[in-house]
Amino acid sequence: MDLTQSEYDSIMREYEERRLYNAEVIRKRRLELEETLPAYFEIDKKISSASMDYFKSQLTSNKMDKEEYHKSIQRFTKEKESILEKAGYPTDYLEPIYDCKDCKDTGYIEGEKCHCLKQAAIKKLYPHTNLSNKYQNVSFKHFSLDYYDRNDNDAKTNLSSFDYAKNALDYCQDFVKNFNSTGGNILLYGNTGLGKTYLSTCIGLELLEQGYSVLYLTATQLLDVFEKKMKDRGTSARQDFMLLSEVDLLIIDDLGTEFQNSFNIPNVLDCINNRILSEKSTVISTNLNLRDLQTCYTERFISRIVENYKLLRLTGKDIRIQKNL
Ligand SMILES: [Zn+2]
């Protein structure tokens, strides 16, 4: 769960390599344009000397007008852009390049870890859970409601499997759309093969695409994380990198009975609780119904879930079986 010092160092080296590479690209572009577009660099010289004049004048009684100065810089900048455009280059051709504009490839924004750094840590620590590698064609628009019966209405709620699935799909799409402002948590529950993993994967992929850090773990992988942490305690220098509490979205897929006979139920509770307290979103999918969850994970767990999660139920017949018929 935590990065070792050498893992952290290796991520930081990658950032440095990225910065050096991008700086080199710009350096080469400048060299190329110095040959072909000397007029561009003439304006650069004019800008430097105008700046120099302005700052010198500030030390005298004959100060140049600030607004005038800014206007002249703007004019020069426009001129430079139009030179580039006329020669067929984009106007930002010589601007610094960043893989992540948010942190300018430093990994930090005002001392806080950037989403790209958290995602880099996820890749390093959980190479097999990398969402983008695993699921190529998974998206909300490929989620088909055709597999859900419109006429199998539940006696209590009078909702059909179709109604439940449509409701879940709509909710998940809105969740992604409003993630920045609303956040929140989701529990997807229902029998095997009804699309819970599919929906949670769609959420993860879309939020990754939007630049959030997303950690996707099956419940078994989560259990491994806790067990490994118990064993590894204090064995090596570690970066304080608590991904389970820091990622923007944690997906726990297929929460079942795996924790029931382990000492790790308090860890799951802590994990869920910490994320609620720090307003970080979590999506859990489970084959268990609410009563079974209570039996396996205590009443406190289920009450936290009911209070803080949107419960989305899926019903119907196993889609994988339907596809093979
Ligand atoms: Zn970044």
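1. Arginine 30 has a relative accessibility of 32% and therefore counts as partly exposed. The model is a predicted one, and the points below should be read accordingly. Arginine 30 forms a salt bridge with aspartate 44, with 3.5 Å between the closest N and O atoms. Since arginine 30 belongs to helix α1 (residues 5–36) and aspartate 44 to helix α2, the pair ties together parts that are 14 residues apart in sequence. Aspartate 44 is buried, because its relative accessibility is 19%, and the cut-off for that class is under 20%. A network of salt bridges links Arg30, Asp44 and Lys80.

2. The structure holds 14 salt bridges in total. Another of them joins the side chains of aspartate 154 and arginine 313, at 3.5 Å from N to O. This pair connects distant parts of the chain, 159 residues apart: aspartate 154 sits in the loop between α5 (131–134) and α6 (161–177), and arginine 313 in strand β7 (residues 310–314). With a relative accessibility of 30%, arginine 313 counts as partly exposed.

3. A salt bridge is also found between the side chains of aspartate 174 and lysine 177, at 3.9 Å from N to O. Both residues are in helix α6, and because they are three residues apart, about one helical turn separates them. Aspartate 174 is partly exposed at 38% relative accessibility, whereas lysine 177 is exposed at 63%.

4. On the surface, a patch of negative charge is formed by Glu81, Glu85, Asp92 and Glu95. Of these residues, glutamate 85 is located in helix α3 (residues 66–86). Its relative accessibility of 53% places glutamate 85 in the exposed class.

5. How many aromatic pairs does a search of the whole structure find? The search returns ten. Among them, tyrosine 40 and phenylalanine 41 make an edge-to-face pair, with 5.1 Å from centre to centre and 70 degrees between the planes. Both partners are buried: tyrosine 40 has a relative accessibility of 6%, and phenylalanine 41 has a relative accessible area of 11%.

6. The rings of tyrosine 54 and tyrosine 69 are stacked, because their planes are at 5 degrees, with the centres 4.1 Å apart. Tyrosine 54 lies in helix α2 (residues 38–57) and tyrosine 69 in helix α3, so this contact ties together parts that are 15 residues apart in sequence. Tyrosine 54 and tyrosine 69 are both buried. Ring pairs join Tyr54, Phe55 and Tyr69 in a cluster.

7. Most residues other than glycine have a negative phi. Lysine 104, although not a glycine, has a positive phi of about 50 degrees, and aspartate 105, likewise not a glycine, has a positive phi of about 60 degrees. Lysine 104 is in the loop between α3 and β1 (108–109), and aspartate 105 is placed in the loop between α3 and β1 as well. Is aspartate 105 buried or exposed? At 0% relative accessibility, aspartate 105 counts as buried, while lysine 104, at 46%, counts as partly exposed.

8. Glycine 256 occupies the loop between β5 (249–255) and α11 (265–277). Its relative accessible area is 13%, so glycine 256 is buried. The C-alpha atoms of glycine 256 and leucine 293 are 8.1 Å apart, although 37 residues separate them along the chain.

Note on methods. Residues numbered from 1 in each chain as written. Predicted model: local features only at pLDDT ≥ 70, side-chain atom pairs only at ≥ 80, totals over all residues. Heavy atoms only, no water. Patch = residues over 30% accessible without salt bridge, like charges linked within 9 Å, V, L, I, M, F, W, Y side chains within 5 Å. Areas by Shrake-Rupley, 256 points an atom, 1.4 Å probe, with all protein chains shown as cover. Salt bridge = Lys/Arg side-chain N within 4 Å of Asp/Glu carboxyl O. Lys, Arg positive; Asp, Glu negative; His and termini not counted. Charge placed at Lys NZ, Arg CZ, Asp CG, Glu CD. Helix = DSSP H or I, 4+ residues; strand = E, 2+ residues; numbered from the N terminus. Buried < 20%, exposed > 50% of the residue type's maximum accessible area, 1.4 Å probe, protein only. Phe/Tyr/Trp six-rings, centres within 6.5 Å; stacked < 30°, edge-to-face > 60°.
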